[in-house]
Amino acid sequence: MQQNLKRIAGDNWGISQTHRWTLNKTVIERMLAHGSSAWCLNLTFKMKRKLSSIQRPFLLHISGAYCTNPTAALHTILGISPLNIQLQFEARFTSIYRLRIPLPPIITDTQPQDLEMKATDWSTHPSEHLKPNQMSFEDGETYIARKDILNIFTDGSKTEHGVGAAFCVLTNDIWAYQWSAKLNGNNTIFQAELTALHDAVIYASHLPNHNTSKIHVDNRASIMASSNSKSTNETDRKIFKILLTNPRIKVSWIKAHAGNIGNARGDQLAKDATQHGQSYSHTKLPKPHIKGLLRKRMLKE
């Protein structure tokens, strides 16, 4: 691979440095990272030196620098971390997220049981689907006040104060009920939207059977995920199962910040929940959270 890179790029000719950098990250580094979770978790000094000697010629070819330049300077100039630290980062992530092996507190205080994992089994039978009119993705669908329909508006919010989820219920032009909760500060806005939709669906499922409920969501991605029977997200699966057994509950997309009174109230409730909402600990930490912690540790090293 080193010779191949040398054939297509010299010190002042051939493909650009950007393309060389990309080839290194997407091809060469991926080859060296193969199986790193099995052998790179606890590196010896000898292994670190070996990985550094493998990486150095590539750094010289990418930068076009003189062979007398120190390796540390090449790492800094190109923005490429030392290979042993990069591979150790990937090994740690695989261990805690995929293999579910706890890491020492000195590396991270997040444990496998705190993380949101993908579901692997079947959630429902493949032949089971939602009713065609249960999900609506029409762009800009407006709210219509009707006495025979209970309108529920959901929203999620993430600010510098934290993460909040909320929903409110409008019936006969009267605010009949509202709910809000404060999630972990490391949860994502998508998790907040799903949490609000999940609790709104539970609320609607407990209403008398003669009531038709329409849940308005301003996040289209959460509706699409919840309507997918093959989703690997636990919250999505719970929502799908409830909707499957309650065809009178309908979910529709509504345009955000379009002057809709219900959406505006839900948005305000979610923002207030980021500071004053009741604690909601059922939602686990997302995958990017542990990656962020390990990346900070890598940069510190």
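**Entry 1: strands**

In what sense do strand 4 and strand 7 pair, and over how many bridges? I looked this up first. Strand 4 and strand 7 (residues 278-279) pair in the parallel sense, over two bridges. I note here that the model is a predicted one.

Next I went to the other partner of strand 4. Strand 3 (residues 162-171) and strand 4 (residues 174-183) run antiparallel. I found nine bridges joining them. K182 of strand 4 stands opposite G164. Strand 3 and strand 4 form a hairpin with two residues between the strands. In that hairpin I read a positive phi, near 55°, at N172.

Then I turned to strand 5. Strand 2 (residues 149-159) and strand 5 (residues 212-217) run parallel, and six bridges join them.

**Entry 2: domains**

I looked up how the protein is divided. There are two entries: domain 1 (1-115 + 290-299) and domain 2 (135-284). I noted that domain 1 is written as two segments. Taken over C-alpha atoms, the centres of domain 1 and domain 2 are 42 Å apart.

**Entry 3: helix 6 and what follows**

I picked out helix 6, residues 83-98. Helix 6 has 16 residues and reaches 22 Å from its first C-alpha to its last. That is close to the 22 Å expected at 1.5 Å a residue.

Is helix 6 enclosed or open to the outside? Of its 16 residues, 15 are buried, so helix 6 is largely enclosed by the rest of the structure.

After helix 6 comes R100. I found R100 in the loop between helix 6 and strand 1 (135-136). The phi of R100 is positive, about 60°, although R100 is not a glycine. I also looked up its accessibility. R100 counts as partly exposed because its relative accessibility is 47%, and that class lies between 20% and 50%.

**Entry 4: P57**

I looked for P57 and found it in helix 4. Is P57 buried or exposed? P57 is buried, because its relative accessible area is 19% and the cut-off is under 20%. I also set P57 against C67. The two are 10 residues apart in sequence. In space they are 8.5 Å apart, C-alpha to C-alpha.

**Entry 5: the cavity**

I counted one cavity of 30 Å³ or more. The largest cavity has a volume of about 40 Å³. Which residues line the largest cavity? I listed N24, I28, E29, L32, Q55, F58 and L83. Helix 2 (17-32) and helix 4 (45-63) are the elements that give two or more residues to this lining. Helix 2 gives the most, with four residues. By class, I noted four nonpolar, two polar and one charged.

**Entry 6: the largest pocket**

I moved on to open space. The largest pocket has a volume of about 350 Å³. It is lined by 17 residues, and E234, T235, K238, H282 and K284 are the closest to its centre. I sorted the lining by class: five nonpolar, six polar and six charged. Helix 7 (189-205) and helix 9 (234-245) each supply at least two lining residues.

Which domains does the lining of the largest pocket draw on? I found at least three residues from each of domain 1 and domain 2.

**Entry 7: the second largest pocket**

I finished with the second largest pocket. Its volume is about 280 Å³. I noted 15 lining residues, with Y97, E116, K118, N233 and K287 nearest its centre. Helix 7, helix 9 and helix 11 (287-300) each supply at least two residues of this lining. Its classes are five nonpolar, five polar and five charged residues.

How values were computed: Residues numbered from 1 in each chain as written. Predicted model: local features only at pLDDT ≥ 70, side-chain atom pairs only at ≥ 80, totals over all residues. Heavy atoms only, no water. Expected span 1.5 Å × (residues − 1). Buried < 20%, exposed > 50% of the residue type's maximum accessible area, 1.4 Å probe, protein only. 1 Å grid on protein atoms, 1.4 Å probe; cavity = no way out; pocket = protein on both sides within 12 Å on 5 of 7 lines; lining within 4 Å. Points joined across faces, edges and corners; volume = space filled by probe spheres on them. Nonpolar A, V, L, I, M, F, W, Y, C, P; charged D, E, K, R; others polar. Domains from an automatic or database assignment. Pairing = 2+ DSSP bridges.
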